Amino acid sequence: MAGDDDSCEEYVRPKEELNSIGNVFEEEKKEGPEVLTIDLREIDSEDEVVRAKCREKLKKAAQEWGVMHLVNHGIPDELINRLKKARESFFTLPIEEKEKYVNDKASGKIRGYKSQLANNASGRLEWED
């Protein structure tokens, strides 16, 4: 049982944090914010107001989300498809093979394929790791 195993301890949140966490299943039912979609065609508009709004959307998405959905970016579909295939090929490799690309044991630079920082108040790891 997970509660009897000390190997899971780094994932267990403190009681005070657990008390403040809502019901995950109820939260999923709520409609929440969506990743911003930004039309990059606007960045080249002749209208300075349109260009400024586009820059502001990019800034907001980068600062608040760290991610955005870009449309009309001009990147050819053929290149996007090649990148998707390369991504799929890489991430289906065994973990040991992937780690060769990010880990340099000689220099002590070790990364891996999980989040680098716990993203909660207690500093505990997330189960997704």
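Trainee: Where in the chain is confidence lowest, and where is it highest?
Mentor: This is a predicted model, and its confidence is lowest in helix 2 (residues 24-29), where the mean is 64, whereas helix 3 has the highest value, at 95.
Trainee: And what is the mean pLDDT of the chain?
Mentor: The chain has a mean pLDDT of 78, with 64% of its residues at 70 or more.
Trainee: Back to helix 3, then: how many residues does it have, and how far does it reach?
Mentor: Helix 3 has 17 residues and reaches 24 Å from its first C-alpha to its last, which is close to the 24 Å expected at 1.5 Å a residue.
Trainee: What goes on at the start of helix 3, and what just after it?
Mentor: At the start, a side-chain oxygen of Asp 47 comes to within 2.8 Å of the backbone nitrogen of Val 49, and just after the helix Gly 66 takes a positive phi of about 80°.
Trainee: Which residues make the nonpolar surface patch?
Mentor: Val 35, Trp 65 and Val 67 make that patch, which covers about 240 Å²; Val 67 sits in the loop between helix 3 (48-64) and strand 2 (69-71), and it counts as partly exposed because its relative accessible area is 41%.
Trainee: What lies 3.4 Å from a polar atom of its side chain?
Mentor: That is the backbone oxygen of Phe 91, at 3.4 Å from a polar atom of the Lys 98 side chain.

Conventions: Residues are numbered from 1 along each chain as its sequence is written. Side-chain values use heavy atoms; hydrogens and water are left out. Patches are made of residues with over 30% relative accessible area and no salt bridge: like charges are joined within 9 Å, nonpolar side chains (Val, Leu, Ile, Met, Phe, Trp, Tyr) within 5 Å. Accessible areas come from the Shrake-Rupley method with a 1.4 Å probe; for residues, only the protein chains shown count as cover. A salt bridge is a side-chain nitrogen of Lys or Arg within 4 Å of a carboxyl oxygen of Asp or Glu. Helices (H or I, at least four residues) and strands (E, at least two) are DSSP runs, numbered from the N terminus. Buried means under 20% relative accessible area, exposed over 50%, partly exposed in between (1.4 Å probe, protein chains only). pLDDT is the predictor's confidence in each residue, from 0 to 100. A polar contact is a pair of N or O atoms within 3.5 Å; within protein, one must be able to donate a hydrogen and the other to accept it, and residues adjacent in sequence count only if both atoms are side-chain atoms. The expected span of a helix is 1.5 Å times one less than its number of residues.
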